[in-house]
Amino acid sequence: MKLIQVTDLHLRAPGERVAGLDPTASLSVAIDDINRNHPDADLVVFTGDLSDDGSIASYRSLEAAIGRLVPPSRLLLGNHDDRSAFRAVFPGASGEDGFVQSVEDRSVGRLVFLDTLDEGAVAGRLCDHRLAWLDQCLAESRQPVFVFMHHPPFDIGMPPLDGCKLADPDAFADLLGRHGNVRHIAAGHVHRLCSGLWNGIAFNTGRGTNHQTAPLFGATHFAMGFETPAYNVMLISASSVVVHTQEIT
Ligand SMILES: [Fe+2]
């Protein structure tokens, strides 16, 4: 299975810039690249911060952009998103009891798409309702599970980012540990490419399509970075998960 992860688009109305860059143009370059190199992808997962300002105009811009995307796609929300504005433009988006989260079974396993948005907060949250839904998703699966979410539940060693990851990661870890079937977590939010292991579960994050995070090892304040935008190509089989980072220029 070939999955593409695109994250942290930070769209605004066409023409508006974010961090001195044009996020609409940046996404367009990413979509052109995916269409050219990966038209055979099974799915493109956008792991949140679709919008920078939560505006209807930004979601209209996204709608136009993914209308050009050859593979099918799945949209997740991040802390910059606005659930009701998103729903106004994407009324058919997969959802569960008001949250933009869903599950999809493929031959290699179960894909679970979480909604970690805690409106008004930078950090993410999985409330009891969402945790109960996830509990059921994991209990039902007879296959390995691959989780997609905006906020990572793990620290990446950068204090300004670690301070706004998923709140109460222990509850999330306990739940995953009880079921023991989650093989991999793909997250956004940090605008950095990193990978590793968290409580025995492999993970990766990714660069955004617009701006990045500066290397903040040891820093106490957030600073933007401007490494080359990228998306991830995830090749998933019964025995492996391989994540390629494809820079887009
Ligand atoms: Fe972001």
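Select helices α1 (residues 23–37) and α2 (residues 56–66): α1 passes α2 in a right-handed crossing. A crossing is right-handed if the near helix is turned clockwise from the far one by less than a right angle, and left-handed if anticlockwise. Helices here are DSSP runs of H or I with at least four residues, strands are runs of E with at least two, and both are numbered from the N terminus. The two axes come within 10 Å and cross at roughly 20°; axes are lines fitted to C-alpha atoms, for helices over the stretch in contact, with angles from 0 to 180 degrees between N-to-C directions.

Now show the side chains between them: T24, L27 and I31 of α1 meet S61, L62, A65 and I66 of α2. Contact means heavy atoms within 4.5 Å.

Before moving on, a word on what you are looking at. This is a predicted model, in which local features need pLDDT of at least 70 and side-chain atom pairs count only at pLDDT 80 or more, while totals for chains, interfaces and linings use all residues. Residues are numbered from 1 along each chain as its sequence is written, and side-chain values use heavy atoms, with hydrogens and water left out.

Stay on α1 and pick N35. Is N35 buried or exposed? N35 is buried, at a relative accessible area of 17%; buried means under 20%, exposed over 50% and partly exposed in between, using a 1.4 Å probe and protein chains only. Not counting residues up to four places away in sequence, N35 touches R68, L69, V70 and P71.

Next, centre on the iron ion. Which residues coordinate the iron ion? They are D8 (OD), H10 (NE2), D49 (OD) and H191 (NE2), at 2.1 to 2.2 Å. Donors are N, O and S atoms within 2.8 Å of the metal (3.2 Å for Na, K and Ca), and water is not among the atoms, so sites may look incomplete. The angles among the four donor atoms run from 87 to 179°, and the site is irregular.

Along the chain, the donors follow the spacing D-x1-H-x38-D-x141-H. D8, in the loop between β1 (2–6) and α1, and H191, in the loop between β7 (182–187) and β8 (195–198), are 183 residues apart. Both D8 and H191 are buried.

D49, in the loop between β2 (43–47) and α2, has a phi near 50° and is buried at 2% relative accessibility. H191 also has a positive phi, of about 50°, and counts as buried at 5%. Most residues other than glycine have a negative phi.

In the loop between β7 and β8, select H189. H189 is buried at 7% relative accessibility, and its contacts beyond four places in sequence include D8, N79, H150 and C164.

Finish at helices α4 (residues 128–140) and α6 (residues 169–179), which pack at an angle of about 20° with axes 10 Å apart. Their crossing is right-handed.

Note on methods
Four donors count as tetrahedral if all angles lie between 85 and 135 degrees; four count as square planar and six as octahedral if opposite donors are over 155 degrees apart and all others between 65 and 115; anything else is irregular.
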